[in-house]
Amino acid sequence: MQKARIWTKKLDVTRMGLALLLILVLFARPCITWADTYYGSWNEYASANKLTSKYTYNQVVDGMEKAMTAAVESYQAGDSEKALSQIADVKNSYWSGSGFKIEIQKQLPSASKKTLETDFSECNRAIKEGKTVDEFSTVKDTLIADLRLSANKLDGVETEMEISEEGESEATKYYKEQYYATWEDYSKAAGIGSDWTWNDVADAMTEVFRIAKQKYEENDLQGAYNCVNDGYYGFYETTGFERNAMGYISGARKSEVELQFSACKSETKGGSKEEFVKQVDILRTMIRTDANKLDGVDDNGESTGTSRSAGVATFIACFTILLREGFEAILVVGAIIAYLVKIAGEDMENRKRLLRPVYTGAILGVLLSFLSAWLLNLLKLANSASQEVIEGVTALIAVVVLFWVSNWMVSKSESKAWDAYIKKKVGKASEKGSSFALAFTAFLAVYREGAEVILFYQPLLNGKNTNMVWIGFAVGCVCLVFVYLAIRYLSVRLPLKPFFLATSILMSIMAIAFLGGGIKELIEGDVLSMHSPAWVSWIPSNSVLEVLGIYPCVETVIPQLILLAITVVTFVYWVRKNQAIVRENAAQEEA
């Protein structure tokens, strides 16, 4: 009986265990089924999770994270091919298929897309190189984190630029007593000596921006506009902040900040208080970020270990400014000279006759650059809206001349290549009027860049590192000489027709670039207002687009698109006309 009771108890326990196991299996079944279900595309995942067309990009990342987790499990199970296939599904069917990728391209900087593409490549490489599961899981987590960051920006969870909060600084107490419109006035009042930092300038600009917001709230729109203008002309330009940001950070960053100043001023001419405050805060944050980079400190004022001596920073700024500005002028002048050398052939006398006006125009451009800079300072117009307007108008005149020269070159390319008689006509054309146009083009190219370089150098020459200014200038000149020699001698060795067409295309590109740069100068000079709607605001800021004069504003993009269309039409016209000349010459030779 005792054994029977024991067996009965064992049987009851067994039954209870089986019952509990059955309940556990029944309860866990939906979870197991959900976890085991792998959705190879965004559409399948969205349908299974009943996501409508108004899904968020964070929901897309949720699906991508689950698919990537499945890839880790496949890799852990030893199925590398399946893991690679699942990564491809995440990239092609989720990232691209959901529209996530295209929105990143439209709304976020190009670096965001490049970072994610690198993350996907790292995931694939981890599998192909046989990394451990933990290593693969780490790169997977990095990918998801970067995806989540982009999703947050697109969903509006966080802004593209994290706006920093500004507390009170040493400048605050001085601005409570009096408003200072320039760095010179403020530094004298605050007793700041020659050892000031860029964060000292940023402190003063922060107070100027704070007063601008106060005036806007008081409905003093003109006062707010004047404060933003003071921040630009009284601090950003006169201290050399603009020049150093351009040389030490990048030319694209300098243009980005300049356009942000314009965006703030535009809001005083018909915007809202909320939008004005937002744009000013973005500008203030950009200034602080750049000041930290120039000073080599982080947001807490701690050294980042990347700071350079003032002398080295001055050298980099001077060298970069001259190289950047001079490169555009050398491209134009070098291409014109190489073109005329082609026309002259081996006739040295004719070559000298054709080149003399171009060299004269370039030299006059240099001389007038110094004269203009001297006059602007004498008339107190340097670092003012007037300077921007002069630069803008000069650039637009250059656009007209460059466009004309480009068409003149392409119109002569085919005929000169195929017929000696046409070659003589080209020489005559150069003699009568085209040589003046080419010389004027060289003058405008040099003058436009030369005056800007001189005005950039003036604040630096007044500083403590004058020797480094001249060293940077000398090294920049040497580099430009090599660029000129490369264009002058290497391009002449190219076949005739491709060289002429390439030169014409270069002139057209420079015309489009000068058009964008000239209009931007007019925006900075308050001749035009700036508008940056969503369809152009996605245009990133980088060195390539800066050289091409492409900026995220309607006032530059639309004229450039129009000029591009006109250029393409005229180019096609001249190519077809030249082909007709070739056919006509061939027919005459046969006759």
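Glutamate 258 and lysine 520 are both buried in this predicted model. Their side chains meet in a salt bridge, with an N to O distance of 2.7 Å. The pair joins distant parts of the chain. Glutamate 258 belongs to helix H13 (residues 251–267), and lysine 520 to helix H20 (residues 496–524). The two are 262 residues apart.

A second bridge connects arginine 288 with aspartate 203; the closest N and O atoms are 2.7 Å apart. This pair, too, links distant parts of the chain, with arginine 288 in helix H14 (residues 273–295) and aspartate 203 in helix H10.

Glutamate 170 and lysine 173 form a salt bridge at 2.9 Å, N to O. Both lie in helix H8 (residues 170–177). They are three residues apart, about one turn of the helix. Glutamate 170 has a relative accessible area of 47% and is therefore partly exposed. Lysine 173 is also partly exposed, at 45%.

Salt bridges number 16 in the model. A network of them links Glu122, Arg125, Glu129 and Lys131.

Lysine 140 sits in helix H7 (residues 133–155). Its relative accessible area is 9%, so lysine 140 is buried. Beyond its neighbours within four places in sequence, lysine 140 contacts Met68, Thr69, Val72 and Cys123.

Asparagine 219 occupies the loop between helix H10 (198–217) and helix H11 (221–237). Its phi is near 70 degrees, a positive value in a residue other than glycine. Asparagine 219 counts as exposed because its relative accessibility is 62%, above the 50% cut-off.

Definitions and conventions
Residues are numbered from 1 along each chain as its sequence is written. This is a predicted model: local features need pLDDT of at least 70, side-chain atom pairs count only at pLDDT 80 or more; totals for chains, interfaces and linings use all residues. Side-chain values use heavy atoms; hydrogens and water are left out. Helices (H or I, at least four residues) and strands (E, at least two) are DSSP runs, numbered from the N terminus. Buried means under 20% relative accessible area, exposed over 50%, partly exposed in between (1.4 Å probe, protein chains only). Contact means heavy atoms within 4.5 Å. A salt bridge is a side-chain nitrogen of Lys or Arg within 4 Å of a carboxyl oxygen of Asp or Glu.
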